[in-house]
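Visitor: I would like to learn how to read a few features of a protein model. Could you take me through them one at a time?

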Amino acid sequence: MRVTWITKADARAVVEYGTTSGKYPFSQTGTTTSYSYLVYRSGKIHDVVVGPLKPSTTYYYRCSSDRSREFSFRTPPSSLPFEFVIVGDLGQTGWTKTTLQHVAAADYDMLLLPGDLSYADTFQPLWDSYGRLVEPLASARPWMVTEGNHEIEKIPLLEPQSFKAYNARWRMPYDAGASPSGSNLYYSFDVAGGAVHVVMLGSYTDYEAGTAQYRWLQGDLARIDRARASFVVSLVHAPWYNSNEAHRGEGDEMRDAMEALLYGARVDAVFAGHVHAYERFKRVYRGKEDPCGPVHVTIGDGGNREGLAEEFVDPQPKASVFREASFGHGRLQVVNATHALWTWHRNDDDQPVVADQVWIASLAANPACNKREHAAED
């Protein structure tokens with residue numbers, strides 16, 4: 001587990017931890033960095049990887065900058081069942097707070113966020129306030145994120161480097177595991193002892209055939225052993241399928257470049273953000289229903305300051321099963337090697353309400369899909 005925290009003053013990058021509250025027999029030392037953006041100077045960003053750790057275990061820890069303050073996190077299980085919370089386009093509004101309260105109210109193992117975190121949009125203090133907002137949850141469970149358009153923050157001539165704050169503050173394990181990507185903007189990892197493989201893709205870095213991300217994705221998917229990985233899911237920011245009037249077509253070029261790779265690997269589901277509404281499609285490939293294609297879900301409804309995208313295309317496309325412009329969050333419970341339960345919870349007043357639910361069967365367990373040739377040969 002990686003622990004990242006920020007201090008105003010200099011401090012040692014040390015985390016002490018153990019399995020009993022108030023007792024910290026283990027410690028790890030990490031690194032400290034900072035960045036500048038126009039006239040803003042960040043605090044000291046401390047980054048420490050702790051471990052090795054036992055699965056399904058609560059660890060209590062404290063950071064060297066404030067040894068009086070104790071945190072705790074629970075490590076994910078090493079086998080199924082496994083539950084993800086998935087929510088995009090969070091921001092830091094009253095709607096966001098409601099979503100986070102609903103997420104915290106029910107147990108889960110890991111949170112996946114398909115881009116658009118703080119909505120700082122070049123005003124760097126909003127990255128700090130966002131960190132304080134999500135700290136109660138992000139300090140207790142692993143948060144795995146990928147970038148959205150609001151993380152770019154590039155200003156020609158003045159700030160030519162994209163994703164400066166995002167890369168400095170939200171370092172993902174892109175250099176770890178069997179398939180290091182070399183970029184914080186896309187990476188993959190396994191959970192539940194390899195029963196689930198998660199691919200985090202970058203909508204705002206090059207993705208065409210021959211690019212670094214494309215070549216990495218080819219290799220990553222080729223390494224998957226579907227006899228071991230019962231489910232494979234992917235996250236992007238800009239949706240590849242979308243019947244909302246907002247951001248229509250913005251994910252099409254990436255879909256055209258990479259969809260065949262995911263189809264050939266029998267990826268089970270693709271989750272996206274960007275559109276501030278909820279929508280679930282049937283299994284699709286190349287714009288048509290396909291029983292061996294991924295289920296596509298847009299979940300960009302975390303609570304951003306821009307509000308909801310309320311206008312949908314009429315009539316509703318046949319492949320679009322459910323769509324609604326409401327804030328909320330989703331949960332993917334991988335129950336066993338053959339089935340996962342997807343549930344979307346709408347923010348209804350102060351209570352989360354189950355508004356959409358579907359069982360997703362593993363494509364690895366579908367003989368018809370396993371017999372078919374790869375997409376490039378179809």
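This is a predicted model: local features need pLDDT of at least 70, side-chain atom pairs count only at pLDDT 80 or more; totals for chains, interfaces and linings use all residues.

Visitor: Let me start at the surface: is Leu158 buried or exposed?

Guide: Exposed means over 50% relative accessible area. Leu158 has 59%, so Leu158 is exposed. Leu158 sits in the loop between strand E12 (143-145) and helix H3 (164-169). Together with Leu38, Val39 and Leu157, Leu158 makes a nonpolar surface patch of about 510 Å².

Visitor: And how would I read a residue on the other side of the cut-off? Is Glu324 buried or exposed?

Guide: Buried means under 20% relative accessible area. Glu324 has 19%, so Glu324 counts as buried. The place of Glu324 is in strand E20 (residues 320-324). Leaving aside residues up to four places away in sequence, Glu324 touches Ala277, Tyr278, Phe312, Trp344 and Arg346. The Glu324 side chain also makes a polar contact of 2.7 Å with the side chain of Ser326.

Visitor: Which residues of H1 are buried?

Guide: Thr96, Thr98, Thr99, Leu100, His102 and Val103 are buried in H1.

Visitor: Let us turn to charges. How many salt bridges are there?

Guide: Side chains of opposite charge can pair when their charged atoms come close. With a cut-off of 4 Å between the side-chain nitrogen and the carboxyl oxygen, the count comes to 20 salt bridges. One of them pairs Asp109 with Arg74, with the closest N and O atoms 3.0 Å apart. Asp109 lies in the loop between H1 and strand E11 (110-113), and Arg74 in strand E9 (residues 71-74), so this pair ties together parts that are 35 residues apart in sequence. Asp109 and Arg74 are both buried.

Visitor: What is the partner of Asp107, and where does each of the two lie?

Guide: Asp107 forms a salt bridge with Arg141, again with the closest N and O atoms 3.0 Å apart. Asp107 is in the loop between H1 and E11, while Arg141 is in the loop between helix H2 (125-138) and E12, 34 residues apart. Asp107 is partly exposed at 48% relative accessible area, whereas Arg141 is buried at 15%.

Visitor: Last, the backbone. Which residues does a cis peptide bond join?

Guide: The angle to read is omega. A cis peptide bond joins Gly51 and Pro52, with omega about 5°, and another joins Leu80 and Pro81, also with omega about 5°. Pro52 is in the loop between strand E7 (44-49) and strand E8 (58-63).

Visitor: What is the phi of Ala192?

Guide: Phi of Ala192 is near 55°, a positive value in a residue other than glycine. Ala192 counts as buried at 7% relative accessibility. Arg286 also has phi near 55°, but counts as exposed at 52%.

Technical notes. Residues are numbered from 1 along each chain as its sequence is written. Side-chain values use heavy atoms; hydrogens and water are left out. Helices (H or I, at least four residues) and strands (E, at least two) are DSSP runs, numbered from the N terminus. Buried means under 20% relative accessible area, exposed over 50%, partly exposed in between (1.4 Å probe, protein chains only). A polar contact is a pair of N or O atoms within 3.5 Å; within protein, one must be able to donate a hydrogen and the other to accept it, and residues adjacent in sequence count only if both atoms are side-chain atoms. Contact means heavy atoms within 4.5 Å. Patches are made of residues with over 30% relative accessible area and no salt bridge: like charges are joined within 9 Å, nonpolar side chains (Val, Leu, Ile, Met, Phe, Trp, Tyr) within 5 Å. Accessible areas come from the Shrake-Rupley method with a 1.4 Å probe; for residues, only the protein chains shown count as cover.
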